[in-house]
Amino acid sequence: MAGWIKLHRSIKEWEWYSDLKTRSLFIHLLISVNWKDGKFRGKNIFRGQIVTSYGKLASDSGLSVQNVRTCLKNLMLTGELTCESTNDFTVVTLTNYG
C-alpha cells in the first residue's frame, strides 16, 4: 500500500455519515482498495477495487460478518459500490474512486 486518500469535509453531509458502522466500513474500503491496476488469479483487478471476503472485511474492520453484509447492502443501495461474488472471493468496486 502506498500514498494517501483525500477525504473532503462534505463527507459530514453524506447520507451514511451518521451510521457509524457503514461509515467505518466505507472509510476502511477507501484506504484498502487497489490504488493501481493489478491481477488476482488471472482476473484483472482495477484501481478502486479490492479482492476480499465478508469474513476478511469483518476481521479487518472490527465489525461482525452480519454488520459487513448490512453495510455493503446499504452502500450498494445508494450506488457507492458494487460487489461481484464468486465461490472463493468477492470483488468490491468503489464506483466513484477516481
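On one side of helix 3, residues Q66, K73 and L77 are exposed. The buried residues of this helix are V68, C71, L72, N74 and L75. Viewed down the axis of helix 3, these buried residues fall within an arc of 155°, so they line one face of the helix. The model is a predicted one.

- Just after helix 3, G79 adopts a positive phi of about 80°.
- R69 also belongs to helix 3, and its relative accessible area of 40% makes R69 partly exposed.
- Between the C-alpha atoms of R69 and L94, which are 25 residues apart along the chain, the separation is 16 Å.

- The buried residues in helix 1 are T22, R23, L25, F26, H28, L29, L30 and S32.
- The elements that cover the buried residues of helix 1 include strand 3, helix 2, helix 3, strand 4 and strand 5 (90-94).
- With 13 residues at 1.5 Å a residue, helix 1 should span 18 Å, and this agrees with the 18 Å found between its end C-alpha atoms.

- In helix 2, the buried residues are L57, A58 and S61. These residues cover an arc of only 100° around the axis, which puts them on the same side of helix 2.
- Cover for the buried residues of helix 2 includes helix 1, strand 3 and helix 3.
- The side chains of D60 and K56 form a salt bridge, with an N to O distance of 3.2 Å.
- D60 and K56 are 4 residues apart in helix 2, and therefore about one helical turn separates them. An α-helix has 3.6 residues a turn, so residues three or four places apart point the same way.
- Regarding accessibility, D60 is partly exposed at 40% relative accessibility, and K56 is partly exposed at 46%.

- The structure holds 2 salt bridges. One of them joins the side chains of K43 and E84, at 3.5 Å from N to O.
- Because K43 lies in strand 2 (residues 43-45) and E84 in strand 4, this pair ties together parts that are 41 residues apart in sequence.
- K43 is partly exposed, at 28% relative accessibility. E84 is likewise partly exposed, with a relative accessible area of 41%.

**Loops between strands**

- R41 is located in the loop between strand 1 (38-40) and strand 2. Its phi is near 50°, a positive value in a residue other than glycine.
- At 65% relative accessibility, R41 counts as exposed, since the cut-off for that class is over 50%.
- F46 is placed in the loop between strand 2 and strand 3 (49-52), and its relative accessibility of 43% makes F46 partly exposed.
- Apart from its neighbours within four places in sequence, F46 contacts N34 and D37.
- The C-alpha atoms of F46 and L72 are separated by 19 Å, the two residues being 26 residues apart along the chain.

**Nonpolar surface patch**

- I5, L7 and I31 form a nonpolar patch on the surface, and their accessible area together is about 240 Å².
- I5 is situated in the segment before helix 1 (20-32). With a relative accessible area of 32%, I5 is partly exposed.

Notes:
Residues numbered from 1 in each chain as written. Predicted model: local features only at pLDDT ≥ 70, side-chain atom pairs only at ≥ 80, totals over all residues. Heavy atoms only, no water. Patch = residues over 30% accessible without salt bridge, like charges linked within 9 Å, V, L, I, M, F, W, Y side chains within 5 Å. Areas by Shrake-Rupley, 256 points an atom, 1.4 Å probe, with all protein chains shown as cover. Salt bridge = Lys/Arg side-chain N within 4 Å of Asp/Glu carboxyl O. Helix = DSSP H or I, 4+ residues; strand = E, 2+ residues; numbered from the N terminus. Buried < 20%, exposed > 50% of the residue type's maximum accessible area, 1.4 Å probe, protein only. Arc of directions from axis to C-beta. Contact = heavy atoms within 4.5 Å. Expected span 1.5 Å × (residues − 1).
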